[in-house]
Each structure stands twice: as structure tokens, then as C-alpha cells.
Amino acid sequence: MERREFLKKCIMVVAGASVPLSALRLIDPEKVLAANPDIQWAFLVDTNKCVGCGFCVKACKTENDIPFDAHVSRTWVERYVYTKDDKRYVDSPDAALYGFTESRIDLGRGEFKEIDPDNVGKAFFVPKLCNHCSSPACTQVCPVGATYKTDDGVVLVDRKWCIGCGYCIMACPYAARFFHPVYHVADKCTFCYHRLSKGLDSACVNACPFGARKMGNIHDKNDPITKIIMNERVGVLKDEFGTKPQAFYIGLAQEVR
Amino acid sequence: MVGQIAQHAMEVHGEAWTIKELFTLPNEYIYWSIQIVMYPLMTGLVAGAFVLSSLYHVFGVDKLKEIARFSLVFSFALLPVAMMPLMLHLQQPFRGINVLMTPHFTSAISAFGIVFLTYASIVATEIWLVYRKYFVQTAQGLMAMKNRGFVDSFRMMIFQALTLGAWDISHEAVEKDHKACKIMAGLGIPVACFLHGYAGFIFGSVKANALWMTPLMPVIFICSAVVSGVALCILTYVVVQEIRKYMAKSKMSRWAKDASAPDAEELEASKHAEVMISSNYLLYFMIAAMTLEILDLIFRGYTQVKSWDILREVIMERDFVKIFVLQYAIGNVLPFIMMILPGRTVRRTTIATVLVLFGVFMMRYNVVIGGQAFSLSFAGFMDYHLPIIPHNFETFKEGLFGALTVAVTPFVLFYFINMFIPAFLKEDSTH
């Protein structure tokens, strides 16, 4: 075969083979597993069941070393009261750590508002916590990568690497983050990752006497929580930010932000 | 562990200066306080001072030669101070270096180290090129000196080091410096704008914050940065010239021994010319900055998206005095009128620059603090109370005295830098 002929054929083979070969991709088993991990944690709140006892907040603070007298909390409960004359009141005194033991609404600055029970149109409680978003704004903005999302869907903070700039706190649309009063780094709900990884429920789920808080693996189609999320009408908070929250709510009112 | 923690007096970061009203979420505080107001203010001054110096070096506005050299040196003095408020603000300042060690590139802040260091090296290079001839001449002069004292020996060592071994000051070599300097200044303008535009991006990209989130933010920041930088350079330049005039009159220091030193009349004449031209540029940039800020406000009011109700209450009611009286009226409109009225004098311009600086400070304040004045629930407000008398380190560094420390440092640095890189040189040792 002539050299010219040989080169011509080589080019033809390479060009011809490159098309079907480009359809093949090398598969990295680790990547496949990460894309479809067995576990993807999600939270389910049934607002109809919440009575505002605050046990979840107490359990959370105890379990996760958040001082009781520090005015921050990884989880909290909000009370919404709508009056018949079309006024809306919301409060969450001490993040509902001690429950809602008073009927008057906390207006801040030490002021309170007593509402005539006959004037109450509707009222309900909404427990809140970190939504462990699928596209979290907080992990995106961390300048040092100290906060990150685990493969099983939990957003965590590395206390040894956080520089305490507060950018993640600013970026979170849910105000789920704060500075830990003792460690002086960003802190947030971890879904009690230390308990989850041992097969236990998170502290708040465990403490709720009414089953208003539940957790499940949404990659498991047979998980009862997954079934509820898949089959019933559930909502998420502030979906307009595109963070894809993984805490789902039953009975969410549109005024809840 | 729980018991141990409970013994601490529990004050959460932000609690000392935040007053909450109506419904705010439990974790909401004004986390970014006065130091984060100082951060864009200081970076803005750095960028603005540099842009003023570039007007001469790149665009050849010859009449600005003296104030341009002054701005360049002053920009160098401001440079380390741009980082200071960030360090004072960090909860873990010793880990600040992590931003350079493990930058997480999806974050706007992660680029800070890179952008900042690039900019710093550009300014340092430019200064070196401008002053190389002076360094060599001074070092040679000191080396030729007999009976050198301790101070002069020390100065000689410093100047020898500053030459970086480049002793050639022939005409061709200096011409080469000049060319290189022009390139560095040209390169410096986009980098300076990037440095500050990026500070605007840090705020503008926070989607959770209804007030901050606008793509106009970086552009607004760049314009107001140039405004503040030029204003501060004019102000400092006038003050320094006044001091030099006083020294010339009373024949102090250099004026006592050096016959070629400029006399008071010469100083006054050059001051007048430079201030008049720089203030023209100040006016142009003020128009751009004000237009953009007003555009942003009108756009928000016109589109009236979900957040407008609470923003309107913050802007039009709660912060009305801070925004419309202090920032726009006193900080923008008044100095603008003062400068465009016929018969402008140096004194009037100087007073105007003070007002302009105040206006830019208020703009930063209204953006940073105003952006945190309302709750994410849109149902409550947070009031900021600047800590004045500190009761612990945190209320010092994030209080009035912390902010003043940041504000004073560039002038102290300028004093020392000026010893080796004199901002005012009559002789033609620089270009």
C-alpha cells in the first residue's frame, strides 16, 4: 500500500469511527451511584397536626447543643392568626421553645396584642426548619466550601473550616441559619445527621407527640412518607427562589412565607 | 456539654444592635453591620482614586499630573484598608486565609483574594514604574553621601531595595518605564472596576434579599466608587496642599533648606487648576451614579413585585430621612448644585466633596443596613442601632470605633508611605 493511500484510509477510518464511538461514554460507577444514591432524605410537615407545644424546639436545642437562652434556633414554630376583620398576625416567641402558652400575639419590642377570640377567623401553627434544598443558595455562596450537601441530601456545616463571613446566612431565603453563640460559626439544622446515620429519627420527629413532623427517603418508593409526598397535595416554602426545598408541607397556606 | 454551654452569657451575634419589630423570623438579625458598610466604601475609594490617577496616565489629561500622582500613592495607602473591615467582620478572622487556600469558586466572595491581589500588584507595579527614577536618584545620592548617619544608612538600604536592582535611568530606560506604566494603568482601570463591580455583585446576587437583588448593583457600585474616590482625592489633596502652603509660608522642613521648593503662590495656582478639572470628572460620574440609583428605585416602584409593599414601607417611611434627606438631598443634590453654580471656587468644591463623601457613605449604609431592615417573612422590621460605647470586643469592632479605625488607617498609612514614595515631587524624577 502506498503511503498516500495508507494515510487516506486512516483518515477515513478515524472519521467514520468517531461518530459511533462518540455515542459511547465511559461510565464511572461512583458517579452513577452519586446520581442515584439509595437514600435522599426529605422532611414532611403536616401543619394540620401541629398544636404549637414546642417540644420539637426543646428536643432540637437539647440534642444539638444550642443554648436554651440564646435567641436562635435550628427549628421553630410560627403561629398565624387571621381575624374576621381581615387582619393577619404572626409570632414565634422564643422560637416557640416554651410553646404557645399565651393567647396574646407577640409584636416585638415588648409589645403584645390581645385578640378577641370571637374575632378569630382562622388560626394555625407552622413548624419550620432548614429545607435542605436540592439547589441550596447557602452552599453556593460559601467562599471556602465549609458548607456542603451530602450525597444523601443533607446540608451540613464544617465547624472547623467556616470563616464566619455570614454570606450563607444572607443567602438563605428561609432564615434557617445563624451564628452559633458558642462556636461562632454558621449553624443550622442537620436533620440530626448523627442520629440518621445510626438509623434513628431526628430529635424533633422523635419529640413530636402528634406526628406533625416526619422524615423519609424519597428514593424509596415504598417509604410511607414518600408515598404521601407523591400522592397527596403538598407544598413547599418560597419556591420562587428556585432552591428546590426538600421539606414538604401538608396544608400550607399561601400567606406562610 | 449542654450544662457547660448554658453557663455562657448567651448573646447571639447581631443581637446587640438589632431591634426587632412585629414578626421577624427567630434567626433574623442584622448580621452584616457597620464593617460591611465600610467594606464597599473603602474598596470604592481605592478603585475611584486609581481611576482618577489613570485619567492622566492613560488618557493623557496632562493638567491632572500632580493630583494623579497623589491619587496613585493614596490609592496604594487605601489598598490594605479595603481588606480590614472584612477581617474585623469575620467571626473567625484567623481562618480568613482559607478564602485563598480553598476557594470555592461558585461563591462570589471566593474571587476576592485573586481580584484583590491582582489589583494590588498592578498598583504596586505602576507606582514602582513611576518612582523608579526617583528611587535610583535618591539611593545614589545617599550612597555618595559621606558620614552617613544611622537614619540615612537605613534610608539608603530601603531605597536600594526599592530599585529592585534596576539602576539604569538613561533616557531610553525611563521612556520604557513610561510606556510600561501606561499599559499598567490601562490594565488597572478594568481591574479596579472589576474589584468594585464585584463588591456590588456580592450584594446584587443575593436572591433572598429583595432590596439587593438587581443586576444594576455592580454598575451602581462602580459609579459611586469613582465618585467617592475622586471626592476623597480632591479633599485630601486640598488639605495636604494647605498644609504645604502653611509650611512654605513659615519656611518649615523642606522649605527651610531647599530654594527650588514651590512657594505658596505656586502651590495655590496648581491646586486651583487641578481641583477644577478633577471636579468636572466628579460631576460626570455623579450624574451616572444618581441616574442609575434613581432608575433602580423607579423601576421597583413601577413594577411593584411581591416585595414592593415592604420595600416601600422601608424606603418611603422608615428610612425616608436616611435615603431622601441624608443621601440624596445632602449627599447628592446639594453638592451637585454647589459645583455647577457659576463662579466655582476651590473652597466651595472642597465643601461639596465632603458632602459627596457623606452621601456615598449613606448610600452604602442604606444598601447594606436597609437591605436587612425588613424580615424575610415580609411581616416585620429590624432596626439597627450602631454600638457606640463598646462593652466587649465584638461591639468595639462592629461599632463606631471599629468603623473609625478603618476610616483613619489609610491616612496613617499614607503618612508613612509618603516618606518613601513622596506624592509631591517638583523635580522631574517621575512621570
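1. The crossing of H2(B) and H15(B) is right-handed, where right-handed denotes that the near helix is turned clockwise from the far one by less than a right angle, and left-handed anticlockwise. Helices here are DSSP runs of H or I with at least four residues, strands are runs of E with at least two, and both are numbered from the N terminus. Helix H2 (residues 34–57) and helix H15 (residues 400–420) of chain B pack at about 15 degrees with their axes 9 Å apart, which makes H2(B) roughly parallel to H15(B). Angles under 35 degrees count as roughly parallel, over 145 as roughly antiparallel, 65 to 115 as roughly perpendicular and the rest as oblique; axes are lines fitted to C-alpha atoms, for helices over the stretch in contact, with angles from 0 to 180 degrees between N-to-C directions.

2. The model is predicted, so that local features need pLDDT of at least 70 and side-chain atom pairs count only at pLDDT 80 or more, whereas totals for chains, interfaces and linings use all residues. Residues are numbered from 1 along each chain as its sequence is written, and chains are lettered from A and ligands numbered from 1 in the order in which they are written.

3. The axes of helix H3 (residues 65–89) of chain B and H15(B) come within 8 Å and cross at roughly 150 degrees, which makes H3(B) roughly antiparallel to H15(B). This crossing of H3(B) and H15(B) is also right-handed. Residues in contact (C-beta atoms, placed from the backbone, within 7 Å) include Phe74(B), Val81(B) and Leu88(B) of H3(B), and Val406(B), Leu413(B) and Ile417(B) of H15(B). The contact of H3(B) with H15(B) has 15 nonpolar, three polar and no charged residues, where Ala, Val, Leu, Ile, Met, Phe, Trp, Tyr, Cys and Pro count as nonpolar, Asp, Glu, Lys and Arg as charged, and the others, Gly among them, as polar.

4. Chain B has 15 helices and two strands.

5. Between the chains, 46 residues of chain B are in contact with 47 residues of chain A. On the side of chain B that touches chain A, S1(B) gives the most, with four residues, and that side divides into 23 nonpolar, 16 polar and seven charged residues.

Note on methods
Contact = placed C-beta atoms within 7 Å.
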